[in-house]
Amino acid sequence: MKLASLTLGRLRYNSPWAQVAMVGFVCFCSVGMFSAVGGLGAGGTEDVQLSDTANAVLYACFAIMGFFAGSVNNILGPRLTLSLGASGYSLYIGALWSFQVHGTRWFLILAGALLGISAALLWSAQGSIMMSYPSEKDKGRAFSLFWTIFNLGNLTGAAIALGIEYDSTLPAVSTGVYIAFLVITLTAIGTSWLILPPHLVIRNDGTLVELASAVTPKEEFKAFIALFKDWRVLAFFPMAFSSNYFYSYQGSIETFLFDGRTRALIALLTGIGAILGSIIVGLALDNFPGNRRKRALLSCGLVTLLILAIWIGGLVFQLKFTRESTRPIWDWTQKPSVGPIILLMCYYIGDAAYQGLAYYTMSAMTNDPWKLARLAGYYKGVQSAGSAVAFAMDAVVTPYLAELLVSWLLLLVSLPLCAYIFQHTRESNYEAEHAITVEEVGIDRIEGIALPSGHHVNEGKTLEAVVVQQDMESKHALVRGEKVRVGQLTSVEQGAKQVLALAPHAEGYE
């Protein structure tokens, strides 16, 4: 509760922006370092087949765990979930270091499997925080903030690698790179405990993100089953499956074409490209003219144009070589390397814009942090299934052109379905999900929590549970009542309690 009361002028630690920034920093130190290593091509090992095998195992485990990770987050809470999730990244970096020194191939594959499990936990918690904490009008820019901080980790890691590798003429990355990354990833485990759970976060408009601090396993099981009955979740499948599919292809051609220090430079530039792409899509989603549906559809059109332009350029370049061609092993000082380096940077601009659109698609479905944790887990699980297929495809030496065409086709198929989901999106979920403001709850519920400017708590009453039965048959709306002991409940209050039993996220009576 102490963290939730921290303020600095008008800035509140329990504001959505602060929390999105904090989860961005956790991913900066964990996923960012992992992405930087991946950006070195084959994890910096020069053994493409081993890297593909480890990644295929990683993403297979990620895919399986992803479906359940949201439920784990909802039961354990975001702090413990993020901490467990971050630990796998340290183990994987350590396994890469071990392979570089001792050649322990089995340990790298095992670490990949464990990282797949832990990464699913981290990304489900991250998705819930980034998508549910901000106000609806800020969700596009919230993605930009997170993706920028997260990719600054990629940039930092790439800068460290580039500094270490600058004078190196070796094809593989030195052990100093892995040691530096390992130290940074370990800090993510501790900083994850600075994240606030949803019931302590208040948006700037005075609405509470969620009343309850967690859900019970029984409630979570029912909600998990209900997730797959929503047609939008099924329509979203191709977008999730395709969203990381192209990474194996891009990493493979990068290893084929460039030496170690140039791959470190590319990792730096692709991080910059990812930041640019996230800013473009975030500003478009929140600032295009019109209502939410129109902004979303226009942004979907913008991302489609980006994907077409970038991948047409990629196709033209790919037609110039095959796997059977002689490896050029370019250094950045060589003129032929300039165009491909720029192309790889553009791939990541398109990737970030696509990811931002995917997250906005989910966050437009609901504001409920528990539902969004499940959706984020589903997204990352299906995404990882696609990645596992892609890395397996690369491991059996599929022609580069075939990998490119499959990756591109999957992207193009998913975008019309995304637009169809937006076409059936509500203009706002606040009324349908009965958003509660600080003025509607009592002093016992949020005592000691920092409030946004212009809002105050009602000190004259408490909120044990919410409801008013405006329409008993619809089972909607807020039930408000004075705080009482169970033994003192009137018949009206007993009825209210029964209605609350239908609302899985409400707090219970004392």
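Select Tyr378 first. Its relative accessibility is 3%, so Tyr378 counts as buried (under 20% relative accessible area is buried, over 50% exposed, in between partly exposed; 1.4 Å probe, protein chains only). This is a predicted model: local features need pLDDT of at least 70, side-chain atom pairs count only at pLDDT 80 or more, and totals for chains, interfaces and linings use all residues. Residues are numbered from 1 along each chain as its sequence is written, and side-chain values use heavy atoms, with hydrogens and water left out.

At 28% relative accessibility, Phe228 is partly exposed. The structure holds 34 aromatic pairs. For these, rings of Phe, Tyr and Trp (its six-membered ring) must have centres within 6.5 Å; planes under 30 degrees apart are stacked, over 60 edge-to-face, the rest tilted. The ring centres of Phe228 and Tyr378 lie 6.0 Å apart with planes at 70°, so this pair is edge-to-face. Phe228 sits in the loop between helix 8 (217-227) and helix 9 (231-235), and Tyr378 in helix 15, so the pair ties together parts 150 residues apart in sequence. Helices here are DSSP runs (H or I, at least four residues), numbered from the N terminus.

Move to Phe146 and Trp147. Both Phe146 and Trp147 are buried. Their rings form a tilted pair, 6.1 Å centre to centre and 55° between the planes.

Next, show helix 5 (residues 105-132) and helix 14. They pack at an angle of about 70°, with axes 10 Å apart. Axes are lines fitted to C-alpha atoms over the stretch in contact, and angles run from 0 to 180 degrees between N-to-C directions. Helix 5 and helix 14 are therefore roughly perpendicular (65 to 115 degrees; under 35 is roughly parallel, over 145 roughly antiparallel, the rest oblique). Which residues make the contact? On helix 5, select Trp123, Gln126, Gly127, Met130 and Met131; on helix 14, Tyr359, Met362 and Ser363. Contact means heavy atoms within 4.5 Å.

Finish at two loops. Ile329 lies between helix 13 (292-318) and helix 14 (338-365). Ile329 has a positive phi of about 45° although it is not a glycine. Its relative accessible area is 39%, so Ile329 is partly exposed. Val397 lies in the loop between helix 15 (369-395) and helix 16 (400-423). Val397 has a positive phi of about 60°, and it is not a glycine either. Most residues other than glycine have a negative phi.
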